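Look at the sequence and structure first.

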Amino acid sequence: MSFDIDIQVQRGGRCIQTQFKTGPGITALFGPSGAGKTSILQAIAGLLTPTAGHIIVNDHCLYDATTNVSTHLRRCGFIFQDVRLFRHLNVAANLRYGLNRRGAAEPIINFDDAVAFLGIGGLLTRQPATLSGGEAQRVAIGRALLAAPRFLLMDEPLTSLDHARRDEIMELIERIRDQFTLPILYVSHDRAEVSRLADFVVDLS
Amino acid sequence: MLLTTDEWAIVALSLRVSLVAVGFMLPIAFALAWVLARTHFVGKVLLDALVHLPLVLPPVVTGWLLLILFGNTSPVGHALMAWFGFSFIFRWTGAALAAAIMALPLMVRAIRLSLEAVDPRLENAARTLGATPWDSFFSITLPLALPGVLAAIVLGFARSLGEFGATITFVSNIPGETQTLPLAIYSALQTPNGDAMAVQLSLISIGLSLGALIVSELLMRRASKAEQTRVV
């Protein structure tokens, strides 16, 4: 079982409840904005504590009545909608941020291979502020992969991109799915994206 | 500019008092700024007001309050003397304490502004990449807030150099011990034929303060430039 999620999350005076179990590959959390998709991802990453339930990923229990693993020990590769590169570090230092903090975890890809895989060799000395939206999202994906994640959480990673870039990043996500055997939870409100990428769909609408 | 030994001693004392004041107050100012920028609790308005009090009170009142609090007959002053054999009264350390208290609001303001400009979502991103809360503070929050911290140091230093009212009330005007630049200028002006020395010391004051303000302005400009080129 990749994701075994059954949680209640309190967010802005509202209670969001969800329950799903999925197999390997890409699971899409699909629903309109305001359905609580991002809150669910934050809860799985440990950035938000649920009020009840359990979070089990790849048979590791991350949260239940007696367990609450800290975010930095959950090893989730979180790809944010708003990218969140560290603006005081250049691209190479951003990529190495998680790599240097993975502890004893076995890397799933080394630095040079990640750079080649993502096609970002020419960007290494650049500052995040000078990157285009597509370039920045590639760097963010590389940063997450290099942190040796056990699973990936993607929160509408295509939102800030134009059509051509969207296609590129979607292709990249498919290659990540095929090359690494990481469970991926992909949040989107776009039916076309979901039907192209998802092996499982959790409909929140 | 040629200075006499006495004048050099005054400048050296002023620099020592200001550096100690800023060094002592910086961690406290940072902690207060962090609490004001990042936390919510009942009574936060009161804490904010207390921090700003030295900015709006007549400095003489601040000095007098310090005297009441740390004077040798007060419980705190008595305890300091009994346990550590230490007293602020009539000592340069008292001048440093007065300067530190007067610099506090300016330092907190500068640091608080820069902390508020740091996006907590970046800290969350760092946490998902394996950083502990302290690690994310030192690798993300602090470097991003650094221009504000540097500005706080410079502003606090300049404010300490200029401190007069609280110092003279709290620790008096003792040459070689508590007589910093502004107090020495005041004394020179009270002395017959002291004008030349007052001019000399005033010029030094102007030079030091101007230098500090220019450095702080440059730091602020760099910080706001970094803000404009903020990442997607």
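**Fold and contacts**

Chain A has seven helices and nine strands, where helices (H or I, at least four residues) and strands (E, at least two) are DSSP runs numbered from the N terminus. This is a predicted model, in which local features need pLDDT of at least 70, side-chain atom pairs count only at pLDDT 80 or more, and totals for chains, interfaces and linings use all residues. Residues are numbered from 1 along each chain as its sequence is written, while chains are lettered from A and ligands numbered from 1 in the order in which they are written.

Q: Is strand 8 of chain A largely enclosed or open?
A: A residue is buried if 20 or more other C-beta atoms, placed from the backbone, lie within 10 Å of its own, exposed if 12 or fewer, and partly exposed in between. On one side of strand 8 of chain A, I184(A), Y186(A) and S188(A) are buried; on the other, L185(A) and V187(A) are too. Five of the five residues in this strand (184-188) are buried, so strand 8 of chain A is largely enclosed by the rest of the structure.

Q: Which strand does strand 8 of chain A join through five bridges?
A: Strands pair if DSSP finds at least two bridges between them. T27(A) stands opposite L185(A) in strand 8 of chain A. The partner, running parallel and joined by five bridges, is strand 3 (residues 26-30) of chain A.

Q: What is the hand of the β-α-β crossover from strand 7 to strand 8 of chain A?
A: Four bridges join strand 7 (residues 151-155) to strand 8 of chain A, and the two run parallel. L152(A) stands opposite I184(A). The chain crosses between these strands through helix 6 (residues 163-179) of chain A. With the strands pointing away from the viewer, a clockwise path from the first strand over the helix to the second counts as right-handed; this crossover is right-handed.

Q: What is the radius of gyration of chain A?
A: It is taken over C-alpha atoms, and the globule rule is 2.2 Å times the number of residues to the power 0.38. For 205 residues, a compact globule would come near 17 Å; chain A agrees, with 16 Å.

Q: Which element of chain A gives the most to the side that touches chain B?
A: Contact means that C-beta atoms, placed from the backbone, lie within 7 Å. By that test, 26 residues of chain A are in contact with 17 residues of chain B. Among the elements that give two or more residues are helix 2 (71-74) and strand 6 (76-79) of chain A. The most, three residues, comes from helix 5 of chain A.

Key
Contact = placed C-beta atoms within 7 Å.
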